[in-house]
Amino acid sequence: MNERIPVKTRTPSAGNLPADGGPMQWIRSEIDRLFEDFGRPAPSIFNFGPRSTGLVPALEMTVGEKEYRLSVELPGLTADDVHLEVVDGVLILSGEKKEQSERKDGGYYMSERRYGTFTRQIALPTDVDANAIGAKFENGVLQVILAKDEKAAARSHKIMIEH
């Protein structure tokens, strides 16, 4: 399961100029695109600014013989920025990104601050042992190992349908 936001990008190059209208038509198409894109998230998982719809880290879940593995891309974050818990069969992943930079250059002082939070809720498969979940954070990637409960298959049963 890998969710990604599709991103449309255009740059002002000769290949993007409409054949029929030249540069003025290109400017018009860029203005039209600006209005079309209004309110859409920026092309980054850390969408700062007033147009932000929230952070959406990319997820990928793979199935192994004895466990599920969930990989979450969290570039720029540390393990201290991320919180992970299980509540009623739902894995809740949340975090916070804070950035601050200051620069002095040629008599000018520039200070920027950015802030964003995210929360993802992932319904766990019924055969996950909630007491045997482990996590490791390394190089901006969170790896969550969800051990399968061997007794879960024994708890399931077939339901007969009357006709």
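Is F35 buried or exposed? F35 counts as exposed because its relative accessibility is 64%; exposed means over 50% relative accessible area, buried under 20% and partly exposed in between, with a 1.4 Å probe and protein chains only.

## Basis of the model

This is a predicted model, in which local features need pLDDT of at least 70 and side-chain atom pairs count only at pLDDT 80 or more, while totals for chains, interfaces and linings use all residues. Residues are numbered from 1 along each chain as its sequence is written, and side-chain values use heavy atoms, with hydrogens and water left out.

## Overall architecture

The chain contains two helices and seven strands, arranged from the N terminus as α-β-β-β-β-β-β-β-α. Helices (H or I, at least four residues) and strands (E, at least two) are DSSP runs, numbered from the N terminus.

Of the 163 residues, 23% count as buried. The accessible surface of the chain is about 12200 Å², and carbon and sulfur atoms account for 52% of that surface; accessible areas come from the Shrake-Rupley method with a 1.4 Å probe, and for residues only the protein chains shown count as cover. Among contacts (heavy atoms within 4.5 Å) between residues at least 6 apart in sequence, 48% join residues at least 24 apart.

F35 is located in helix α1, residues 22–37.

## Nonpolar core

The largest nonpolar core has 16 residues, of which L70, V72, L74, L93 and L142 touch the most other members. Strands β2, β4, β5 and β7 each supply at least two residues of this core. A nonpolar core is a set of buried Ala, Val, Leu, Ile, Met, Phe, Trp, Tyr and Cys residues joined through side-chain atoms within 4.5 Å.

S71 belongs to strand β2, residues 67–73, and counts as buried because its relative accessibility is 18%. The side chains of S71 and Q143 are joined by a polar contact of 3.0 Å. A polar contact is a pair of N or O atoms within 3.5 Å; within protein, one must be able to donate a hydrogen and the other to accept it, and residues adjacent in sequence count only if both atoms are side-chain atoms. Not counting residues up to four places away in sequence, S71 touches A58, L59, E60, L142 and Q143.

Q121, by contrast, lies in strand β5, residues 108–123, and is exposed at 59% relative accessibility. Beyond four places in sequence, Q121 touches V90, L91 and I92. The C-alpha atoms of Q121 and I92 are 4.6 Å apart, although 29 residues separate the pair in sequence.

## Positive phi angles

Most residues other than glycine have a negative phi. D88 has a positive phi near 50° and is placed in the loop between β3 (82–87) and β4 (90–105). N139 likewise has a positive phi, of about 55°, in the loop between β6 (128–138) and β7 (141–148). D88 is exposed at 77% relative accessibility, and N139 is exposed at 74%.
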